[in-house]
Amino acid sequence: MKKTSLQLLLCLLLTCMLAFAGCSGESEKQKPSPDEALQMLKDGNQRFVSEKSEHQHLTKQRMIQAGMEDQADHAYATILTCSDSQVPVEAIFDAGVMDIFVIRVAGNVCDTDEVGSIEYGLAHVRTPVMVVLGHTQCGAVTAVTRAINGHDHAVEKNIPPLVDNIEPAVRQTIEKYPQAKGDQIIPLAIEENVWISIRDLFMQSAATRELVKAGKAKVVGAIYDVSDGKVYWLEDTTVENILNEVEADPERAMEAMAESILTPDLPAISHDAAPESQEVAPATDDAAPETQEVAPESDEKAPETQEVAPESDDATPESQGVAPESDDAAPETHDSEHA
């Protein structure tokens, strides 16, 4: 009888311990709501702008946590932004280790790799908010805008497939604002490019659409002003309209976007202009004797190199750049709708 009572007591004690551990685990995994997470970002940016950053979660203890715990228990936002060094993501939101799941790519475009990364951030890291963050003086948007306006220059061969996602944003901006001329288009196209990325995300990711519709995640657009550190949040209604449009007919929306990207009059940000080939064969017979040892008759047997980079001697250092100097190109102004 005593043995049975003792076993029962131990069983009850073990059950209580397991229950307590389960409750404790659930507490650690508790995430803020989408609106709460968005407010955390807004509050962090306000501290950054007012020079009152707390620099939280940048301690040695936090790094120890990162080595032992799952980021899914901590991260509260997924952010797609540009690769430009002017946009230090964690700093501008006064965040730290394991706070933000960041995807960075030139022009904050939303192609297959970026969509997959966003899906991972939302579904597996379980972040309740996802931000597409553009920024002023964006070099990628500046380059595409100038190319469409006829001021193209040579770029490496892998860059055109990257920036072609930006082309619809520039063309739509030109249509919406015919009064804007030259570089006046750039700040307007930067905002339009955020909407294009959100549209691309919704079109390619049914998982994201379902999370948003279920209220488990929120997708928002924003513009970061590199001159004052402030994040300008774009209106939620436009995101809702884009989602509804894609939900109405996602396949047709995808086809329409593909047609707008593959326009026949794509400007000369082209593969043929890529100076990458100059890195492979930049020198002449006189300057590269070691090449002659491998292929002594290079003039006759390697005409492909001459066709790809016939003007390598005339190439200027400027042609190696991807984006023009954007400081002079993009006025640091915002439409009132950003504020």
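Modeller: Among contacts in the protein chain between residues at least 6 apart in sequence, 79% join residues at least 24 apart. This is a predicted model, where local features need pLDDT of at least 70 and side-chain atom pairs count only at pLDDT 80 or more, while totals for chains, interfaces and linings use all residues. Residues are numbered from 1 along each chain as its sequence is written, and side-chain values use heavy atoms, leaving out hydrogens and water.

Biologist: How do I read a pair of packed helices?

Modeller: Two packed helices are described by the angle between their axes and the distance between the axes. Helices here are DSSP runs (H or I, at least four residues), numbered from the N terminus. Axes are lines fitted to C-alpha atoms, for helices over the stretch in contact, with angles from 0 to 180 degrees between N-to-C directions. Take helix 10 (residues 206-213) and helix 11 (residues 236-248): their axes come within 12 Å and cross at roughly 125°.

Biologist: Which residues make that contact?

Modeller: Arg 209, Val 212 and Lys 213 from helix 10, with Leu 243, Val 246 and Glu 247 from helix 11.

Biologist: And how many residues of helix 6 are buried?

Modeller: Buried means under 20% relative accessible area (1.4 Å probe, protein chains only). In helix 6 (residues 139-148), ten of ten residues are buried, including Arg 146. The buried residues pack against helix 7 (159-163), helix 8 (167-176) and helix 9 (185-204). After helix 6 comes Gly 150, with a positive phi near 95°. Across the 339 residues of the protein chain, 41% count as buried.

Notes
Helix = DSSP H or I, 4+ residues; strand = E, 2+ residues; numbered from the N terminus. Contact = heavy atoms within 4.5 Å. Buried < 20%, exposed > 50% of the residue type's maximum accessible area, 1.4 Å probe, protein only.
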